[in-house]
Amino acid sequence: MDDNRVDQNRADENQPQAAQTPVPLPASSAPVASRQPSPHDLEVLSRQLGRPVRDVVEIPARCVCGNPLVAATSPRLSNGTPFPTTFYLTHPVITSAVSRLEAAGLMNEMNVRLAADVDLAARYRAAHEAYLASRAEIGARSGIGAVPEIDGVSAGGMPTRVKCLHVLVGHSLAAGTGVNPLGDEAIAAIAEWWTADRCYCDGAWDTGGEVPSRDLSRHGPQGLPEIVGRPAPVRKSRGAEAAGAAEGAEAAGAADGADAAGTASTEETK
Ligand SMILES: [Zn+2]
């Protein structure tokens with residue numbers, strides 16, 4: 001499961017010794033109110049995501065323990081690219097809980113309601129406007145300034161659709177309750193897995209070994225490398241024996257036996 005990380009650590013063995021010397025970290029027990037990301041925050045983000053973070057300019061939401069829940073990315077990346085997805089949900093406990101909601105079809109249900117409920121649609125459009133305003137403020141605070149290329153473009157499907165619940169939850173956590181109605185709903189819907197009043201950080205990401213330093217990932221639905229929605233691992237058929245039991249006439253195809261066996265065992269269950 002963590003093959004990438006292992007490979008990455010191996011690759012890093014080529015690095016000079018200094019890279020392996022652990023940097024002393026500030027105590028993370030005290031709540032940190034600052035929006036400004038500390039070096040420790042950036043390390044935690046990289047560990048949460050399993051890849052190095054870039055262009056993070058603020059930490060707009062934190063766990064009660066002080067760890068980041070959401071990272072705010074600069075509206076213009078350091079390579080000059082305009083970047084509309086400002087609020088990126090990083091906490092693995094929350095991202096996986098939100099993935100469960102997506103898998104259960106909550107986005108479809110929300111889209112149906114958005115089409116039918118004028119009031120909800122208006123509040124969602126207001127959330128879109130709030131998103132744009134927050135991004136402009138972050139751009140101003142971080143010295144990036146205006147990014148006209150993405151004027152009017154928010155994220156997650158706003159203002160009229162829901163395409164990524166992680167984006168909406170990231171926005172709600174950053175903005176506070178009452179700004180993004182569908183993000184708020186999604187947060188309420190994950191209450192059995194995560195609530196804002198408790199710390200769920202223990203064991204939620206790998207705290208040992210090196211901080212991820214090489215980006216091995218692809219761009220995903222939140223507008224940054226994919227951390228959710230990975231395809232399910234291909235299930236190796238337990239019918240390997242079934243393949244073995246196949247008649248000799250099929251032996252020529254036995255090299256591809258896994259698929260054949262899967263089909264066979266499905267038929268066996270009749
Ligand atoms: Zn925590």
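**Close-up views of a predicted model**

**View 1. Surroundings of Ala-204.** In this predicted model, Ala-204 is in contact with His-91, Pro-92 and Val-93, leaving aside residues up to four places away in sequence. Ala-204 itself belongs to the loop that runs between helix H7 (181–189) and helix H8 (240–245). Arg-47 stands 157 residues from Ala-204 in sequence, yet the two C-alpha atoms are 9.7 Å apart in space.

**View 2. Helix H2 and its packing partners.** Helix H2 spans residues 39–49, and its buried residues are Asp-41, Val-44, Leu-45, Ser-46, Arg-47, Gln-48 and Leu-49. These buried residues pack against strand E1 (56–62), strand E2 (68–73) and helix H3 (92–103). Helix H2 lies across E1 and E2, and its direction makes an angle of about 100° with E2. Gly-50 follows H2 and has a positive phi, near 75°.

**View 3. The three-stranded sheet.** The sheet is open, comprises 3 strands in the order E1-E2-E3, and has antiparallel pairing. Strands E1 and E3 (87–89) form the edges, each pairing on one side only. From one strand to the next, the twist averages 30°. The antiparallel pairing of E2 with E3 extends over 3 bridges. Tyr-88 in E3 is the residue that Ala-71 stands opposite.

**View 4. The crossing of helices H6 and H7.** The axes of helix H6 (residues 165–175) and H7 come within 8 Å of each other and cross at roughly 95°. H6 is therefore roughly perpendicular to H7, as angles of 65 to 115 degrees are assigned to that class. On the H6 side, the residues that meet H7 are Leu-165, Leu-168, Val-169, His-171 and Ser-172. Their counterparts in H7 are Leu-182, Gly-183, Asp-184, Ala-186 and Ile-187. Sorted by class, this contact of H6 with H7 contains 6 nonpolar, 3 polar and 1 charged residues.

Technical notes
Residues numbered from 1 in each chain as written. Predicted model: local features only at pLDDT ≥ 70, side-chain atom pairs only at ≥ 80, totals over all residues. Helix = DSSP H or I, 4+ residues; strand = E, 2+ residues; numbered from the N terminus. Contact = placed C-beta atoms within 7 Å. Buried ≥ 20, exposed ≤ 12 C-beta atoms within 10 Å, placed from the backbone. Axes fitted to C-alpha atoms, helices over the stretch in contact; angles between N-to-C directions. Parallel < 35°, antiparallel > 145°, perpendicular 65-115°, else oblique. Nonpolar A, V, L, I, M, F, W, Y, C, P; charged D, E, K, R; others polar. Pairing = 2+ DSSP bridges.
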